[in-house]
Amino acid sequence: MNGALDIVTAVLLVAGGFFCVVGGIGLHRFSDFYQRTHAASVTDTAGAGLMLLGLMVQGGLSMVTLKLVLVLAFLLFSSPAIAHALVKAAHGHGLALELDDPGKDGDAAG
Amino acid sequence: MRLGVLALLVAVWLSLSGPYTLHEWLILAFGVVSVLFVWRLYLALDRAAGGGSEFFRASSWLRLPRFLVAFALKVAAANLHTTKLILAPKIDLQPRLRRVPASQKTSFGQVLYANFITLTPGTITLDLRDDELLVYALDAESEGDVMDGSMDRDVLRLEGGPD
């Protein structure tokens, strides 16, 4: 395996890991359910995306890379669907949104 | 379009678990059964949704690379902003709800736009109703990413609207 490609992979994997950790930290530091979903989406997009990209660099033009691309594609379809389902269920069942400017646009939306 | 989906399913199956010699007739049979089953599911879902999948004509596939680049750049920028919010010494958020028009013509385009917003950290789509999205944003900057309409235009362009 080429040395330069190994370095690229290492950088991408570490960066992906960094964003996964950041997502986890955000999950704890943010204060309510809706804010926490935003932190989780950092893990879903930057974390998983950079890691898969790093592995694709190792795979080169091969079946392995094609499978990694498919994993990324499925992830990009399923994670927003899941996030939306969670948030809509919470909103629909009346879990209160903490808003900075209540009344302006939000309350009419209920 | 329907045959296009069938071809896509066959291609996905071949690339993920296809038989590499024709003697593996059992594997081949599993493949035929699973592809036909998923295609049948797709037809039923497409009918239930009122046929929204006319979105992807051949010309849309040609515009896809440009969309993916715009998508990746926006998601990356939003990730950096949200990371800053998370790692700030003091958590300082001004969460807000906004109604955002979704000007796409097809339901597929509108769902794609809603998912685009949800995938962008800092903004999430709560509801889609009457060509309008209900978007929850973490702060003014995240809100601005949606309200300036650039993501809406990205999806419109993919759909084949005015450039």
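This is a predicted model: local features need pLDDT of at least 70, side-chain atom pairs count only at pLDDT 80 or more; totals for chains, interfaces and linings use all residues.
Where does B:Asp130 lie in chain B? Select it: B:Asp130 is in the loop that joins strand E2 (123-129) to strand E3 (132-137) of chain B.

**Stop 1**

Show the backbone of B:Asp130. Its phi is near 50 degrees, a positive value in a residue other than glycine. Most residues other than glycine have a negative phi. B:Asp130 has 7 other C-beta atoms within 10 Å and is therefore exposed.

Then select B:Asp131, which lies in the loop between E2 and E3 of chain B. B:Asp131 is not a glycine either, yet phi is positive there, at about 60 degrees. Is B:Asp131 buried or exposed? B:Asp131 counts as exposed because it has 12 C-beta neighbours inside 10 Å, and the exposed class takes in residues with 12 or fewer.

**Stop 2: the nonpolar core**

Select B:Tyr113, B:Phe116, B:Ile117, B:Leu133, B:Val135 and B:Tyr136. These are the residues with the most contacts inside the largest nonpolar core, which has 42 residues. In soluble globular proteins, nonpolar side chains tend to be buried together. Which element gives the most to this core? It is H2(A), with 9 residues.

Centre on B:Tyr136. Leaving out residues up to four places away in sequence, B:Tyr136 touches A:Tyr34 and A:Leu97 from chain A, and B:Pro95, B:Leu97, B:Ile124 and B:Leu126 from chain B.

**Stop 3: helices H4 and H6 of chain B**

Select residues 107-119 of chain B for helix H4 and residues 150-159 of chain B for helix H6. The axes of H4(B) and H6(B) are 10 Å apart, and the two helices pack at an angle of about 145 degrees. Their crossing is right-handed.

Show the side chains at the contact. H4(B) supplies B:Gly109, B:Leu112, B:Tyr113, B:Phe116 and B:Ile117. H6(B) supplies B:Met151, B:Asp152, B:Val155 and B:Glu159. By class, the residues of this contact between H4(B) and H6(B) are 6 nonpolar, 1 polar and 2 charged.

**Stop 4**

Select helix H3 of chain B, residues 58-87, and pick out B:Leu80 within it. B:Leu80 counts as exposed because it has 12 C-beta neighbours inside 10 Å. B:Leu80 and B:Pro121 are 41 residues apart in sequence, and their C-alpha atoms are 9.0 Å apart in space.

B:Ala76 is also found in helix H3 of chain B. With 15 other C-beta atoms within 10 Å, B:Ala76 is partly exposed. How many residues along the chain lie between the positions of B:Ala76 and B:Thr120, counted as a separation? They are 44 residues apart along the chain, while 8.3 Å separate their C-alpha atoms.

**Stop 5**

Colour chain B by domain: domain 1 is 2-48 and domain 2 is 60-159. Taken over C-alpha atoms, the centres of domain 1 of chain B and domain 2 of chain B are separated by 33 Å.

Select helix H1 (residues 2-17) and helix H2 (residues 25-48) of chain B. The axes of H1(B) and H2(B) come within 10 Å and cross at roughly 145 degrees, and the crossing is right-handed. On the H1(B) side the contact residues are B:Arg2, B:Val5, B:Leu6, B:Leu9, B:Val10 and B:Trp13. They meet B:Gly31, B:Ser34, B:Val35, B:Val38, B:Trp39, B:Tyr42 and B:Leu43 in H2(B). The residues of this contact divide into 10 nonpolar, 2 polar and 1 charged.

**Stop 6**

Select chain A. It has 3 helices and 0 strands, in the order α-α-α along the sequence. Of its 110 residues, 30% count as buried. Among contacts in chain A with a separation of 6 or more, 58% are between residues 24 or more positions apart.

Finally, show both chains. In the contact between them, 34 residues of chain A meet 28 residues of chain B. Which elements of chain A give two or more residues to the side that touches chain B? They are helix H1 (3-29), helix H2 (33-59) and helix H3 (63-92) of chain A. H3(A) gives the most to that side, with 11 residues. The residues on the side of chain A that touches chain B divide into 17 nonpolar, 10 polar and 7 charged.

Notes
Residues are numbered from 1 along each chain as its sequence is written. Chains are lettered from A and ligands numbered from 1 in the order in which they are written. Axes are lines fitted to C-alpha atoms, for helices over the stretch in contact, and angles run from 0 to 180 degrees between N-to-C directions. Helices (H or I, at least four residues) and strands (E, at least two) are DSSP runs, numbered from the N terminus. A crossing is left-handed if the near helix is turned anticlockwise from the far one by less than a right angle, and right-handed if clockwise. Two residues are in contact if their C-beta atoms, placed from the backbone, lie within 7 Å. Ala, Val, Leu, Ile, Met, Phe, Trp, Tyr, Cys and Pro count as nonpolar, Asp, Glu, Lys and Arg as charged, and the others, Gly among them, as polar. A nonpolar core is a set of buried Ala, Val, Leu, Ile, Met, Phe, Trp, Tyr and Cys residues joined through C-beta atoms within 7 Å. A residue is buried if 20 or more other C-beta atoms lie within 10 Å of its own, exposed if 12 or fewer, and partly exposed in between; C-beta atoms are placed from the backbone. Domain bounds come from an automatic or database domain assignment.
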